[in-house]
Amino acid sequence: MVRVIRRLYEGRRAVSIENDSVRVTVLEGGGHIAEIRDKATDVNPLWAPPWPSVEPGDFDHATQPGYGSGPAESRLLSALMGHNLCLDFFGGPSPEEETAGLSAHGEGSISVYTIDAGDDASSLVMRARFPIAQLDVERQMSLYGRTVRIRERVQNLTGIDRPIGWTQHVTLGPPFIEHGVTEFRLPATRSKTSERAFGTADYLVAGAEFDWPMAPRIGGGRADLRRSAAAPPSSAYTAHLMNPERPHGFFVAHSPRHQLAFGYIWRRPDFPWLGIWEENASRTASPWNGAGLTRGMEFGVSPFPETRREMIDRGELFGIPTYRWLPARASVDVEYWALIQPAAQIPEILEWPQLR
């Protein structure tokens, strides 16, 4: 039996759907998927920041310092949790966009969503309008056993075709993520490291192209990205092309300590890229204060977080576009799934038709 419950989660207004095995929680402010919790182990693989979380409508950068270097960053970090939607760009705004009120990764992560029960007892529906981007967004989430089906619709309210970024910024954290322990599988092919310094403790050669999963280390040698980084501090970002010969992209993460598998599956033409963000106690400024341990598994239409102009100027990487078009006054629909399963089922999971 699935139940829909309004509640507070980490002090934030939230709605949950749950059954006997899994609880899924989404936040009104920012629309973040904050929790996909396995009840048997009481583990939520999604990241909860180690600082107080603030409702987007209640945050004021001028009177609530300590959440970042400027309004665009602090609006995001004050509200961030778990899986956030990056729309209609993936990265930072231009100076002019920031002055106009845009935050890092766009309005998707700071807008206020209405959340209602769906047409059946196993689902909920989230809706928001982005006033600057002039988009209407709807997300339907349905819980089936240990899987969550997520359908998103983005409607262009303007009369012009427009290039957009659209990324599912899924961030994993403790206790699921552990230094040098947590394992990852995904069908990547060509890959590239961040072209510029990504953090204060980068351990990978900048701008290097490589084949998944062995990335070139600064100073020589290779890092196997199928396992979380072993020792702090470290930081990295790598972009990965999902195998063009497969109909679906996916990632599956495994926690040996909790014997738990967690991942997402999506149609590869919808989201051809996956970025891996690693933050391992390298960010010492507030609000991080050296306490961050995350691994972002960020699947979307763009390989790198960058400004809108940089995204468009890049055009393509490895022959694949780095943005998608949203036609005038039209809607685009995507569907993807999240799963949380006992680790003993990993061999069975990797044999699913969608993953082959």
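The legends below walk through several close-up views of this structure.

Everything shown comes from a predicted model, in which local features need pLDDT of at least 70, side-chain atom pairs count only at pLDDT 80 or more, and totals for chains, interfaces and linings use all residues. Residues are numbered from 1 along each chain as its sequence is written, and side-chain values use heavy atoms, with hydrogens and water left out.

**View 1. An open sheet of 8 strands, paired antiparallel.** Reading across the sheet, the order is β6-β7-β8-β9-β24-β18-β17-β11. The edges are formed by β6 (114-117) and β11 (183-185), each of which pairs on one side only. From one strand to the next, the twist averages 15°. For readers who like to check the terms, strands (E, at least two residues) and helices (H or I, at least four) are DSSP runs numbered from the N terminus, and two strands pair if DSSP finds at least two bridges between them. Angles run from 0 to 180 degrees between N-to-C directions, with axes fitted as lines to C-alpha atoms, for helices over the stretch in contact.

**View 2. Asp88 and Arg308 in a salt bridge.** The structure holds 31 salt bridges, and this one has an N to O distance of 2.9 Å. Asp88 belongs to strand β5 (residues 83-88) and Arg308 to helix α3 (residues 308-314), so the pair ties together parts that are 220 residues apart in sequence. Asp88 counts as buried, at 2% relative accessibility. Arg308 counts as buried too, at 18%.

View 3. Elsewhere, salt bridges that share partners join Arg7, Glu18, Arg23, Glu35, Arg37, Lys39 and Asp42 into one network.

**View 4. Strand β3 between its partners β2 and β4.** In β3 (residues 22-27), 6 of the 6 residues are buried, so the strand is largely enclosed by the rest of the structure. Both of its faces are covered, with Val22, Val24 and Val26 buried on one side and Arg23, Thr25 and Leu27 buried on the other. Strand β2 (residues 12-18) runs antiparallel to β3 and is joined to it by 5 bridges; Ser16 stands opposite Thr25, and a hairpin connects these two strands through 3 residues. With β4 (residues 33-38), β3 pairs in the antiparallel sense over 5 bridges, and Arg23 stands opposite Arg37. Look for Gly30 in the hairpin of β3 and β4, which has 5 residues between the strands: this glycine takes a positive phi near 95°. In β4, 6 of the 6 residues are buried, so this strand is also largely enclosed by the rest of the structure.

**View 5. Phe304 and its surroundings.** Phe304 sits in the loop between β20 (293-300) and α3. With a relative accessible area of 4%, Phe304 is buried. Leaving out residues up to four places away in sequence, Phe304 touches Phe90, Lys192, Thr193, Ser194, Glu195, Tyr237, Ala239, Arg314 and Leu317, where contact means heavy atoms within 4.5 Å. Phe304 and Thr322 are 18 residues apart in sequence, and their C-alpha atoms are 8.4 Å apart in space.

Note on methods: A salt bridge is a side-chain nitrogen of Lys or Arg within 4 Å of a carboxyl oxygen of Asp or Glu. Buried means under 20% relative accessible area, exposed over 50%, partly exposed in between (1.4 Å probe, protein chains only).
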